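Have the structure open while you read.

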Amino acid sequence: MNISYDLLRSYVSTDLTPEEVAAALTSIGLETGSIEQVESIPGGLKGLVIGKVLTCDVHENSDHLHVTTVDIGTKAPLQIVCGAPNVVAGKGVVVATLGTILHSGDETFTIKKSKIRGVESFGMLCSEVEIGIGKDNSGIILLDANEITVGIPAAEHFGVTSDYVLEVDITPNRVDATSHYGVARDLAAYLSVQTKQAVQATRPEILARPSGACPVAVQVDVTKELCPRFEGVVIRGVRVTESPEWLRRRLETLGLKPINNVVDVTNFVLHEFGQPLHAYDLDKVGKDGLRVCLAREGKVTLLDHSEASLTGDDLIIASASDHRPLCVAGVMGALNSGTTEATTDIFLESANFNASSVRKTARRLGVSSDSSFRFERGLDPNNTESALLRASKLILDLCPGSYVDGGVFDHYPTVAKPYEVELSLDRMTRLLGLAIPVEDVKRILTQLEIEIVKQEGDLWQLRVPRYRIDVTREVDVIEDILRIYGYNRVELSGYIHANLSAQSEVDRAYSRRLLLSEQLTGAGFNELLNNSLSSESYYEGLTSFPKEKLVQLLNPLSGELNVLRQTLLFGGLSTISRNLRRQQKSFYYYEWGNCYTADSSIPASTKTLAGYRETETLGLWLAGEHIQNSWAHPDETASPFELKAHVLHLFDRLGISPSSLKVAFSEEDIFAGKALTWATHDGKQIAILGRVAQSLVERWEIDLPVYFASIDWTALSRLAERVKTVISELPKFPIVRRDLSLLIGKEVTFAELAEVARRAEKKLLKDVTLFDVYEGKNLPEGKKSYALTFSLQDTERTMSDKQIDAIMAKIQTSLKDTFGAELR
C-alpha cells in the first residue's frame with residue numbers, strides 16, 4: 001500500500017525524515033519496502049532556470065530558426081538557437097541549461113552543446129509540453145518580463161512540490177493500517193513512547209451529521225451477517241467537473257488516476273479512512289430507491305468496463321424498481337450507476353459487507369479493487385459514518401451550491417460493540433520477560449484508542465475498538481503493547497540453549513538433496529522455483545495426470561491458479577517459454593517441489609487428508625543448444641540421451657546401481673512416443689524420461705524439442721538410505737573386454753540385452769556398453785545391428801582365455817535363446 005509522507009504528516013505532527021518514518025513503521029510491524037520521491041512535475045524541473053531574451057535575430061542559414069541571447073543571471077548571456085515561431089526579445093523564458101535532463105513520459109533526453117546550421121547553441125528554450133506543465137506545443141513558454149526574477153530555478157517560479165511515497169506491506173490481519181489515518185495512529189503511539197509526550201493522531205474534519213429523514217428509500221433484504229451496516233446520504237446540486245489541483249496531486253502521488261471531483265473524493269477518503277464509498281447518480285437509480293439483496297443470475301458491466309457474470313450468491317445493490325444491479329457490493333460499482341458530467345444529484349453510500357462474501361465474489365469474478373482489498377480483511381462497521389461525513393464535506397466544498405437533502409439513512413440492526421478484554425500487568429511481564437513502565441502502557445493504549453475502563457491493582461479492564469479485528473484476547477493486547485514499545489527493547493538473557501540430536505532420515509535426505517543440487521548446478525543446470533498453484537486448464541484431456549485427481553482450492557486467487565499441481569512439467573515449460581522470448585538459446589533446468597493428487601474414491605467420512613497425496617519430486621528439463629559458438633566443437637543440440645546420462649549420474653552419486661532398477665518403456669500422453677522408466681523390482685516407479693508431447697510444447701509457444709525427466713525423490717531417497725558404503729582394495733587384476741556385433745530385432749532394446757547378459761554371468765561381468773548402432777542397407781527386414789562391449793574382471797586371479805571364451809559363449813547363447821540374436 002502506498003502512503004504519502006506529506007499526507008501522513010497532516011494527521012500526525014512529526015519532524016522525522018521519510019527514511020526515519022519508514023524505519024519507525026517497520027519497527028512497529030508495518031514493514032516499509034521502498035521510499036520513492038514523487039514530484040508534482042516529473043523531474044522537478046531540475047536544471048531549468050528563468051531567463052530573459054535579450055536579442056533575437058534570424059538565423060543566416062535558415063528561414064525558420066532564430067539566434068537568441070538569453071540572460072539567466074550569469075556573467076555572460078547564453079547563445080541559444082531556437083526554432084519556435086513565437087520567440088521574441090524582451091520576454092521571459094524557461095531555459096534548459098547544458099546537462100539538464102528533460103522528461104517526456106517514460107523517456108528522457110539530455111541537453112548538450114550543439115551546432116545548428118553552423119551556429120553554436122548552449123541550451124534550449126522550452127515549451128509547456130517539453131517540461132511537463134501543460135499541453136501547448138505550438139511554441140515556447142513566454143513570461144511577462146516584469147513578473148519574473150531572472151536566474152531563479154524554474155521549480156521555484158512554478159511552485160513545484162515534492163512528496164515521498166512509502167510502500168508499506170500490509171499483513172492480512174492489519175486492515176486498520178490500510179489508511180493514512182490508521183498508519184498515523186500507530187506512528188503517533190510510537191512517537192508517544194519515544195518522546196515520553198502525548199502525540200495524538202488528528203482525524204480529518206468531517207461534516208456535522210445532518211438530521212431528518214433520507215429522501216431515498218433503501219431496502220436491506222439480506223441478513224445482518226451479510227450487511228452489518230448500510231449508510232447513505234443524498235447530495236443535490238452537484239456539478240461534476242475536474243478535481244482541483246491539490247486533490248489530483250494527492251491521488252497521482254498515491255498512484256491513482258483522477259476521474260472527476262465526486263469519484264476522486266471517494267477514492268481520497270478511501271485512502272484517508274480505509275472505508276470504501278460509492279456515489280450513485282440518482283437519475284439512474286429509479287423512483288423506488290435502492291435495494292441491498294442477493295443477485296439474480298445475469299451479467300453486469302462494471303466501472304472498469306469488464307463484464308461480470310453474477311450468481312445468486314453475490315451480494316449487490318440494485319434498483320428497487322427493476323432489480324437492475326447498480327453495484328457489486330464491496331467489489332465495484334456498475335457502469336450504469338456512476339457519475340458523469342450530466343450528474344446533478346447523488347446518493348453517497350458508505351457500508352459494511354461480510355468479508356467472506358466479498359472475497360468469494362471478487363475471486364470468482366477475477367476482480368481485485370481497492371474496495372475488495374479492504375472488505376476481504378474485515379472492516380469496522382463503526383467507521384462507515386466518519387468516512388461518509390468526511391466525503392460529504394469535501395463534495396460540498398468542491399461543488400459550491402450543492403447541499404445535503406434530508407438526513408442520513410443508517411441501517412445498523414446490531415451495533416458492533418468494543419471487545420472486552422482483561423489485562424494483567426503481572427501476566428504481561430511474565431510473558432514478555434520485560435517490565436514495561438505503567439505510564440508507557442497507558443500511553444500506548446490511549447494512542448491506539450483502547451479505552452481503560454477500570455483499574456483494580458494488577459488487573460485492567462479494557463475496551464478494544466472494533467477496528468482491530470485481531471485484538472480480542474489478553475495476549476493480543478500484550479502483543480500490540482510490545483509492538484509499539486519495541487521488540488528490540490527486550491533484552492537477551494546472555495544464554496543460548498541448544499539441543500544436539502542424532503541425524504534423522506529427514507536430515508540425511510536433505511543432505512542428499514543438497515548433494516544432487518550441487519551436482520546439477522555444476523553440470524550447467526539452473527534451479528527453478530515455480531508456484532505450486534497451477535491452472536486446471538493445463539490438465540484438460542490428459543490421462544497421465546487426469547483432471548479428476550486435481551486438488552481444488554476452495555478460494556482460488558484467480559482462475560489461473562485454482563488447483564495444486566500434479567506435475568512439475570508445466571512450470572518448467574512456462575519458464576522455457578518466457579526465456580525463449582528473451583532470446584535465450586540454452587535451457588538446462590531443475591526444480592525440487594511437491595506434487596499433489598486427490599483420490600475421489602475415498603469416502604468423505606474418513607479423515608480429511610486421507611484422500612490426498614503429496615510427493616516430493618525432482619524435475620529436469622533440457623532444450624535448445626548444448627554446445628554453441630565453440631571453436632573446438634561443432635554446435636550440438638540437447639538430446640534425450642544427454643538427459644538420460646544426467647539421470648544415471650544422479651543415481652550413481654547416491655550409490656544406486658542402474659542394474660538394481662528395472663528399465664522399461666511406457667506410453668504417457670505428456671510425452672511424444674515412448675517414455676523411458678526406472679522402477680524397483682516390486683514395480684515402484686522411480687523416474688520417467690521422455691520428449692514432451694508436441695501439443696504441450698506448442699501450447700507454450702516453444703518451437704524446439706523439450707526433454708523432461710521426473711524423479712520421485714521420496715522413493716529414490718529411501719533407496720539411497722539402504723545403500724551401504726563398502727570400502728575395498730583396488731583390483732590387482734586387469735579388466736578384460738570383449739566385443740560382440742549382434743543382429744537383433746528392431747524392437748529389442750539395449751537395456752534388455754544388458755539385463756539378459758548380467759543374468760547369464762552374475763559374478764564376473766562388470767559392465768555392458770553400446771558403442772555402435774546400424775540400421776540400413778544389407779540387413780534383413782526388421783533387423784538392426786548392435787555392437788556391444790562386455791567388461792569382465794576376476795578380483796582374485798588373472799582370467800584365462802578359456803575362462804573368458806566360456807563366459808562369452810554363455811552370454812551369446814542366452815542372447816540367442818532370448819532374442820534370437822545372431823553374430824554378424
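The second largest pocket in this predicted model holds about 860 Å³. A pocket here is an open set of points on a 1 Å grid over the protein atoms alone, with protein on both sides within 12 Å along at least five of seven lines, and lining residues have an atom within 4 Å of a point. Volume means the space filled by probe spheres set on the points, with grid points joined across faces, edges and corners.

**Ground rules**

- Numbering starts from 1 along each chain as its sequence is written. Local features need pLDDT of at least 70 and side-chain atom pairs count only at pLDDT 80 or more, while totals for chains, interfaces and linings use all residues, and side-chain values use heavy atoms, with hydrogens and water left out.

**Second largest pocket**

- There are 32 lining residues, and the closest to the centre are Val 263, Asn 267, His 278, Leu 303 and Met 332.
- Two or more lining residues come from each of helix 7 (261-273), strand 15 (278-281), strand 20 (325-328), strand 21 (332-333) and helix 10 (370-375). Helices (H or I, at least four residues) and strands (E, at least two) are DSSP runs, numbered from the N terminus.
- Helix 7 is the top contributor to this lining, with four residues.
- By class, the lining splits into 15 nonpolar, 12 polar and five charged residues. Nonpolar covers Ala, Val, Leu, Ile, Met, Phe, Trp, Tyr, Cys and Pro, charged covers Asp, Glu, Lys and Arg, and the others, Gly among them, are polar.

**Largest pocket**

- At least two lining residues each come from helix 17 (640-653), strand 34 (662-667), strand 35 (674-679), strand 36 (685-691), helix 20 (750-760), strand 39 (765-774) and strand 40 (783-792).
- That lining counts 21 nonpolar, six polar and 13 charged residues.

**The cavity**

- One cavity of 30 Å³ or more turns up, a cavity being a set of points where a 1.4 Å probe fits but cannot get out.
- The largest cavity has a volume of about 70 Å³, and its lining includes Pro 42, Leu 45, Ile 101, His 103 and Glu 130.
- Strand 7 (101-104) and helix 3 (128-131) each give at least two residues to this lining, and strand 7 gives the most, with three.
- Six nonpolar, four polar and two charged residues make up the cavity lining.

**Helix packing**

- The axes of helix 5 (residues 180-195) and helix 13 (residues 438-447) come within 9 Å and cross at roughly 160 degrees. Axes are lines fitted to C-alpha atoms, for helices over the stretch in contact, and angles run from 0 to 180 degrees between N-to-C directions.
- Helix 5 and helix 13 are therefore roughly antiparallel, a label for angles over 145 degrees.
- Their contact (heavy atoms within 4.5 Å) involves Arg 185, Ala 188, Ala 189, Ser 192 and Val 193 of helix 5, facing Arg 443, Ile 444 and Gln 447 of helix 13.
- Helix 15 (residues 505-522) packs on helix 17 at about 140 degrees, with the axes 11 Å apart.
- Leu 515, Leu 516, Gln 519 and Leu 520 of helix 15 meet His 649, Leu 650 and Arg 653 of helix 17.
- The contact of helix 15 with helix 17 contains four nonpolar, two polar and one charged residues.

Technical notes: Parallel < 35°, antiparallel > 145°, perpendicular 65-115°, else oblique.
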